[in-house]
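Reader: I would like a close look at one part of this protein. Please pick out a single residue and its surroundings, then carry on from there.

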Amino acid sequence: MTAPSQSLPAAASGTKPLDPRIETISWILLVLVMISVPVWGSIYAVYMACLISINVIATVGLNITVGYAGLLSIGHSAFLGVGAYASALMWLHLGTPLAVNLVIGAVAAFAIGLVFGIPALRIKGVYLAIATLAAQYSLYFVFQQWTSVTGGDRGLSLPKIDVFGFGDTGFYYVVAFVALIATLAARNLFRTRIGRSFIAVREKDYAAQVLGINVVSTKLIAFGIGAAYAGIAGALLAAFLRIVNPDQFTLVSSVFFLAAVVVGGRGSILGSILGALFMTLMPEFLREIIALVSIEGADLASLLSPLREIIFGSLIVLFLIFEPRGLVGFVDRALGRSENVEARQEH
């Protein structure tokens, strides 16, 4: 049985590979935009750019697990919580610098990801989703009830970070730099043996085993790497918001990142970036639209506010119906990269 081709990366789905010159120019433009945001943008723009960069890191990590390795996970935000709490505790009790906290957050989330990745060795599909759902609620329970360490519902408050005396701008550049490095690392991961093993296991784990791939370790590593990316994002989120509490790492947040993967494009690093952009900016855009239609003297915005969630959900459904490959499918068509292998449904 063949997996649907829309879940494959370009090389695997029969899509024409992107011209290296176009890809290089795209990365250069992306870097220039990231560098220039504090120059032309307001404080709000810098805030949103930080949030987008953090969400990109988390979405890339989930896409490694879900899109490339084919392991369904709906407990991703719990691993963000592990990274956030681990880094926050190190910062508060040991005064470690941000760079060390990022490493601690990644390592802690990687280790917990390996533990909760064990069910992936024997179960698949919806059963694996239920197992990761258990991980989501188990870790949330720990965050909420281990009050002597996590602070419970009150959470942990962190001091403001000042990077080289540049304040929020300096922190933005740190976040943007980490997001860029993490994205490039993920892109190059699938040029390595372990990255190709993820794709082989996703397509057919029995065939991968015949080819000499250790399916057990490959699945565990896929979960661990995806969780490590979440841990880095969580550590940055803690430093960014200066507070860590359980309500930041709920099932709703996990669904947010899973939707970003689906909307952007499964099995695509570009799709992860586009999905994180869409999921972060679209609610803000809809909020502004609703605010504009408010009538003076009438609180129409509060009445229409629930419609924002309905419109947002409808947009995601429309993507699934009309462009299953996500936003990356629009990019492919815009660049004239058509699929030469027909999508075949799994039976």
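Author: Start with the record. An unreviewed UniProt entry places the feature "transmembrane region" at residues 25-54, 98-118, 125-143, 163-186, 220-243, 255-278 and 310-328. The model here is predicted, and two of those spans can be described from it.

Take residues 163-186. The chain there is 83% helix and 0% strand.

Is Y173 buried, exposed or partly exposed? Its relative accessible area is 32%. Buried means under 20% and exposed means over 50%. Y173 therefore counts as partly exposed, since 32% falls in between.

What does Y173 touch, leaving aside residues up to four places away in sequence? The contacts are M34, I35 and P38. The record's stretch 25-54 is one of its "transmembrane region" entries. Back along the chain, V163 is 10 residues from Y173 in sequence. In space, the two C-alpha atoms are 9.1 Å apart.

Next, R202. It belongs to helix 9, residues 193-203. R202 has a relative accessibility of 13%. The cut-off for buried is under 20%, so R202 counts as buried. Its side chain also makes a polar contact with the side chain of E203, at 2.8 Å.

Conventions
Residues are numbered from 1 along each chain as its sequence is written. This is a predicted model: local features need pLDDT of at least 70, side-chain atom pairs count only at pLDDT 80 or more; totals for chains, interfaces and linings use all residues. Side-chain values use heavy atoms; hydrogens and water are left out. Buried means under 20% relative accessible area, exposed over 50%, partly exposed in between (1.4 Å probe, protein chains only). Contact means heavy atoms within 4.5 Å. UniProt positions are given in the numbering used here, feature names are shortened, and annotations may be inferred rather than shown by experiment. Helices (H or I, at least four residues) and strands (E, at least two) are DSSP runs, numbered from the N terminus. A polar contact is a pair of N or O atoms within 3.5 Å; within protein, one must be able to donate a hydrogen and the other to accept it, and residues adjacent in sequence count only if both atoms are side-chain atoms.
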